[in-house]
Amino acid sequence: MSTALTEPVERVGRGWTASLSLANVAIWVGWYGPLQILLARQAEDFAPGTGMSKETLLAWVTGVGAVVSLAANPFFGALSDRTTARWGRRSPWIVAGAAGGALSLLLLAGADRLWLMTLGWCLVQLTLNAAFAAVTAAVPDRVPRLQRGVVGGWIGAAQILGAVVGTGLATAAGGIAAGYAACAVFAVAGVLPYVLRHRDLTLAPADRPPWSWRSFVRGFWLSPRRHPDFAWAWLTRFLINLSNALVILYLLYYLRDSLHHDDPEQGVLILTAVDSVALLATVVVGGIWSDRVGRRKPFVRWSGVLMAVATALLAVWQTWPSAIVVAALLGVGLGVFMSVDFALMTDVLPKAADRGKDLGVINVANALPQVAAPALAAPIVTHLGGYRVLYGVAAAVGLAGAVLVGRIRSVD
């Protein structure tokens, strides 16, 4: 049997973890520079004459892109499971995805029509999800179970750092086109150390299952009855990510229209920085702590409760100082959640041969909230009570996710 299909036992070194984390930073820069700043700016430019508000237009564009992400992540994860290239199963998809993402960001930079903006964002989601599916699958390929908490912590730190760097590049570049170009360069440069310095595990052609469209498509369905812990873990991640997506989707507009912040774009950057500092203070520590005590569920549960409480504060205490406090609390909770929940996800994977595909299905719980959040948030903000109701709903959703983690039985 190929070493790619065995359970890893040898601990990974700091260099491997650092390179993989940098690759994650690069991918998230490609996503969050547009999501936090650039797409919102373009939505403001294109909204007049469309009959839609900037909020609704942004919701449609990000929602369509998220639909692409829903399919792309498990699809490319499944393809990487079957890849027998000399470079390995994952590295070819990391390189192709990052390069395609950079080209798609450059297409967005020159978008002068709404349809080009929508097409560009869909291509960004398609290509960067190919890279992200492969990067994520590298962890259960190479990292032993009792090290996955700390590695998940560093990957979580990398993802939030990518959001900060992406937001910073988009803000500091001086324009929409320059912001996209800066994110594109970073997306390519950030993945190179991992693919050039660390040899990927290869899959022997004899270990690749026979090709069948029917079995390939049917493989994306994992029965909750046969794999209940996988199903509950997926639902937990979905609900907590949906709560977080509802919080950040209209953050720029919330600061401008509800808090009347003097510089809402700078406000987004400040809140992102506060959230990130708090997250970085807990994400690795939470993973290390979870590895040492050998438990996952309590960390996921209480971090979810903390995030729900923080979101509820945002609903009842709408001031700039409260936004800073909430950003800090969300960062603390999200830091622990990101590291330990990732380790929990890898612990409930059904089998080694389908790690990329199964993690892709789990990553749908990251992408699907990007579809659901605009569908929920747009009517709430415009017709059903505004931002107070929006953040109250977000708090309830996050709390439900925190409670349901208790239904997972096979992981302590």
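T311 is found in helix α11, which covers residues 297-316. Here a helix is a DSSP run of H or I with at least four residues, a strand is a run of E with at least two, and both are numbered from the N terminus. The model you are looking at is predicted, so local features need pLDDT of at least 70, side-chain atom pairs count only at pLDDT 80 or more, and totals for chains, interfaces and linings use all residues. Residues are numbered from 1 along each chain as its sequence is written, and side-chain values use heavy atoms, with hydrogens and water left out.

Is T311 buried or exposed? T311 is buried, because its relative accessible area is 1%. The word buried means under 20% relative accessible area, exposed means over 50%, and partly exposed is in between (1.4 Å probe, protein chains only). If we leave aside neighbours within four places in sequence, T311 is in contact with S243, V247, L330, Y391, A394 and A395. Contact means heavy atoms within 4.5 Å.

M307 lies in helix α11 too. With 7% relative accessibility, M307 counts as buried. Not counting residues up to four places away in sequence, M307 touches I240, L330, G333, L334 and F337. M307 and G331 are 24 residues apart along the chain, and their C-alpha atoms are separated by 8.3 Å.

**Residues with some exposure**

R256 is found in helix α9, residues 251-258. Which residues does R256 touch, not counting those up to four places away in sequence? They are E44, K54, H261 and P264. R256 counts as partly exposed, because its relative accessibility is 27%.

L235 has its place in helix α8, residues 228-248. L235 counts as partly exposed, at 27% relative accessibility. R214 belongs to helix α7, residues 213-218, and it counts as exposed at 65% relative accessibility.

| Pair | Apart in sequence | C-alpha to C-alpha |
|---|---|---|
| R256 and G267 | 11 residues | 9.2 Å |
| L235 and I362 | 127 residues | 9.1 Å |
| R214 and T127 | 87 residues | 24 Å |

**The nonpolar core**

In soluble globular proteins, nonpolar side chains tend to be buried together. A nonpolar core is a set of buried Ala, Val, Leu, Ile, Met, Phe, Trp, Tyr and Cys residues joined through side-chain atoms within 4.5 Å. How many residues does the largest nonpolar core of this model have? It has 119 residues, and those with the most contacts inside it are W31 and Y250. The largest share of this core, 16 residues, comes from helix α1 (residues 14-46). Leaving aside its neighbours within four places in sequence, W31 is in contact with W121, V124, Q125, L128, N129 and F132.

**The chain as a whole**

Stepping back, the secondary structure of the chain comes to 14 helices and 0 strands. Of its 412 residues, 58% count as buried. Among contacts between residues at least 6 apart in sequence, 85% join residues at least 24 apart.

The C-alpha trace spans about 60 × 45 × 40 Å along its principal axes. Because the chain has 412 residues, a compact globule would have a radius of gyration near 22 Å, and the chain's 20 Å agrees with that. This radius is taken over C-alpha atoms, and the globule rule is 2.2 Å times the number of residues to the power 0.38.
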